[in-house]
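Notebook open, structure loaded. I'll jot down what I look up as I go.

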Amino acid sequence: IPSLLGKMGVDCNLVLSELDTVISGFPKVGAGAEVYLSSETGRIIAAAENGIAPAMQTLSFMYNHGEGVDISLSRAAHWQKQYISTIVQDGTEHNTAQAANAYFTLGALYEQASEHPLAIEAYQAITQLCLDQDSLIELYVAAQLRIGKLSMLKGDYFHARYHCFQPALDALLKFAGALDTGGQAKFVIQDGHVLVNGEVCTMRGKKIRPGDLVFFDGNFLTV
């Protein structure tokens, strides 16, 4: 269908946008409506399978909210992943933000489906995309907090035993094996990539007491 429309000089994205408007305004009951919605869904699926990103995003939304199709979190996640794969190839700041937000939606879908390991992977992808992106710091922190919550549900704690009672934050990261050197620990802490008890901590010398929770790179560390 997209190929045929292209030969006719028709803007596929514009067609899909108009289809979305029509579908959203159609009643969800009645045999006639169901047949119409089924036909339009088939067209959107065909467009998505031909690599049109807006169609993929539309299908993910439809399967998540039951818009013209039965709710299916697995199908919603499938099309959300397909959508992400089409936008991460462009490394511009705009596309990075778009991809990070798309990954957040994917993580939320996996959480709804109780697929916590997959949700953590999606949120971890956000932290990688948002590194050194000052404009995306809020999304970075939000993803870290989601990872932290899901890790707690799984019971994934990294316990470090020390001869010293209150190690400094940078020392904890180094000797727990989270980073290779104290210099690396210094920079990730100062850049705001480490949480202590759920808050960003930029003090490399902060003393970590028993019961404190340090979160970095998808892992909890505690003394």
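Helices (H or I, at least four residues) and strands (E, at least two) are DSSP runs, numbered from the N terminus.

I keep in mind that this is a predicted model, where local features need pLDDT of at least 70, side-chain atom pairs count only at pLDDT 80 or more, and totals for chains, interfaces and linings use all residues. Residues are numbered from 1 along each chain as its sequence is written, and side-chain values use heavy atoms, with hydrogens and water left out.

**Hairpin.** I looked at β4 and β5 (residues 219-222), which pair in the antiparallel sense over three bridges. F216 has N219 of β5 as its bridge partner. The two strands form a hairpin with two residues between them. I checked the turn too: D217 has a positive phi of about 55°.

**Overall counts.** I get 10 helices and five strands for the protein. Of its 223 residues, 40% are buried (under 20% relative accessible area; exposed is over 50%, partly exposed in between, with a 1.4 Å probe and protein chains only). The exposed surface comes to about 12000 Å², with carbon and sulfur atoms supplying 53% of it; areas are by the Shrake-Rupley method with a 1.4 Å probe, and for residues only the protein chains shown count as cover. I also looked at contacts (heavy atoms within 4.5 Å). Taking those between residues at least 6 apart in sequence, 49% join residues at least 24 apart.

**Salt bridges.** How many salt bridges does the count come to? I find two, using a side-chain nitrogen of Lys or Arg within 4 Å of a carboxyl oxygen of Asp or Glu as the rule.

- E111 pairs with R146, with the closest N and O atoms 2.5 Å apart. I noted R146 as partly exposed, at 23% relative accessibility.
- D170 pairs with R204, and here the closest N and O atoms are 3.2 Å apart. D170 is in α9 (residues 169-175) and R204 in the loop between β3 (199-200) and β4 (214-216), so the pair ties together parts that are 34 residues apart in sequence. D170 is buried at 14% relative accessibility, while R204 is partly exposed at 35%.

**S60 and its helix.** Next I went to S60, in α4 (residues 53-65). Is S60 buried or exposed? Its relative accessibility is 3%, so I put it down as buried. α4 has 13 residues and reaches 19 Å from first C-alpha to last, close to the 18 Å expected (1.5 Å times one less than the number of residues). Besides S60, the buried residues of α4 include M56, L59 and Y63. G66 follows α4, and its phi is positive, near 70°.

What does the side chain of S60 reach? I traced it to the backbone oxygen of A76, at 3.0 Å. Leaving out residues up to four places away in sequence, S60 touches A76, W79, Q80 and L109.

**Across to α5.** Helix α5 (residues 73-87) has 15 residues and reaches 21 Å from its first C-alpha to its last, close to the 21 Å expected. I listed its buried residues: A76, A77, W79, Q80, Y83, I84 and I87. A reminder to myself: an α-helix has 3.6 residues a turn, so residues three or four places apart point the same way.

Notes
A polar contact is a pair of N or O atoms within 3.5 Å; within protein, one must be able to donate a hydrogen and the other to accept it, and residues adjacent in sequence count only if both atoms are side-chain atoms. Two strands pair if DSSP finds at least two bridges between them.
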